[in-house]
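Student: Please show me how to read a fold feature by feature. I would like the general idea, then the case at hand.

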Amino acid sequence: MKTTKSALILFILVLAVVSSAYAKKSGDVTELQIGVKHKPKACEIQAHKGDKVKVHYRGALTDGTVFDSSYERGDPIDFELGAGQVIKGWDQGLLGMCVGEKRKLRIPAKLGYGDHGSPPKIPGGATLVFDTELVSVNGKPSVGGEPDETAHMTPHPV
């Protein structure tokens with residue numbers, strides 16, 4: 001009886017460790033994460049709700065599979081920020097971004113395509129990873145400037 005009980009406890013511990021390792025490895029997130037990869041020293045133009053923005057992006061799944069890229073097409077996307085024309089993770093993750101800034105957005109399914117996904121390339125429940133670059137706000141492009149070396153990744157409460 002003691003051996004069976006010890007074996008059961010050991011099995012549960014191993015299962016917990018393996019499950020924890022898988023969850024971390026999968027790269028899924030539950031909240032929006034915003035990583036600033038490049039920020040101009042001078043941020044003269046920022047994106048706000050209602051602005052018409054132009055954004056270059058590369059979208060991937062957590063395993064690295066790229067499902068869309070404006071860089072490859074050479075054609076950034078134009079949309080009104082905060083108007084629901086793109087997924088919620090973008091409307092939230094691009095707010096306050098400077099023209100010329102580059103961000104990595106890790107977007108949970110609830111702020112992306114949800115439980116249904118966007119077949120065939122995006123499965124339901126998928127965390128999305130976007131490398132983004134703000135090209136212009138209301139038709140005004142970057143005025144240049146050197147990068148600020150304080151790039152970082154932070155969770156963003158929703």
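Tutor: We take the overall layout, then the disulfide, the aromatic pairs and one arginine. Keep in mind that this is a predicted model.

Student: How many helices and strands does the chain have?

Tutor: Begin with the inventory, then the order. The chain has three helices and nine strands. Along the sequence the pattern runs α-β-β-β-α-β-α-β-β-β-β-β.

Student: Which residues does a disulfide join?

Tutor: Look for two cysteine sulfur atoms within 2.5 Å. By this rule there is one disulfide. Cys43 is joined to Cys98, with an S to S distance of 1.8 Å.

Student: Where in the chain do Cys43 and Cys98 sit?

Tutor: Cys43 is in the loop between β1 (32-40) and β2 (52-61). Cys98 is in the loop between α3 (88-93) and β5 (102-107). The two are 55 residues apart, so the bond links distant parts of the chain.

Student: Why is the disulfide called left-handed?

Tutor: Read the torsion about the S-S bond. For Cys43 and Cys98 it is about -100°, so the disulfide is left-handed.

Student: Next, the rings. How many aromatic pairs does the structure hold?

Tutor: The structure holds five aromatic pairs. To class a pair, check the ring centres and then the planes. Planes over 60 degrees apart count as edge-to-face. The ring centres of Tyr57 and Trp90 are 5.2 Å apart and their planes are at 80°, so this pair is edge-to-face. Tyr57 belongs to strand β2 and Trp90 to helix α3, 33 residues apart.

Student: Are Tyr57 and Trp90 buried or exposed?

Tutor: Tyr57 is buried, with a relative accessible area of 7%. Trp90 is also buried, at 4%.

Student: How do the rings of Trp90 and Phe130 pair, and what are the numbers?

Tutor: The centres of Trp90 and Phe130 are 5.3 Å apart. Their planes are at 85°, so this pair is edge-to-face. Phe130 lies in strand β6 (residues 128-137) and Trp90 in helix α3, so the pair ties together parts 40 residues apart in sequence. Phe130 is buried, with a relative accessible area of 4%.

Student: Which residues form the aromatic cluster?

Tutor: One aromatic cluster is formed by Tyr57, Phe67, Phe79, Trp90 and Phe130.

Student: Last, the arginine. Is Arg106 buried or exposed?

Tutor: Apply the accessibility rule again. Arg106 has a relative accessible area of 17%, so Arg106 is buried. Arg106 is in strand β5.

Student: Which backbone oxygen lies 2.4 Å from a polar atom of the Arg106 side chain?

Tutor: The backbone oxygen of Gly27 does. For a C-alpha view, pair Arg106 with Gly59: they are 47 residues apart in sequence and 10.0 Å apart in space.

Terms used:
Residues are numbered from 1 along each chain as its sequence is written. This is a predicted model: local features need pLDDT of at least 70, side-chain atom pairs count only at pLDDT 80 or more; totals for chains, interfaces and linings use all residues. Side-chain values use heavy atoms; hydrogens and water are left out. Helices (H or I, at least four residues) and strands (E, at least two) are DSSP runs, numbered from the N terminus. Rings of Phe, Tyr and Trp (its six-membered ring) pair if their centres lie within 6.5 Å; planes under 30 degrees apart count as stacked, over 60 as edge-to-face and the rest as tilted. Buried means under 20% relative accessible area, exposed over 50%, partly exposed in between (1.4 Å probe, protein chains only). A polar contact is a pair of N or O atoms within 3.5 Å; within protein, one must be able to donate a hydrogen and the other to accept it, and residues adjacent in sequence count only if both atoms are side-chain atoms.
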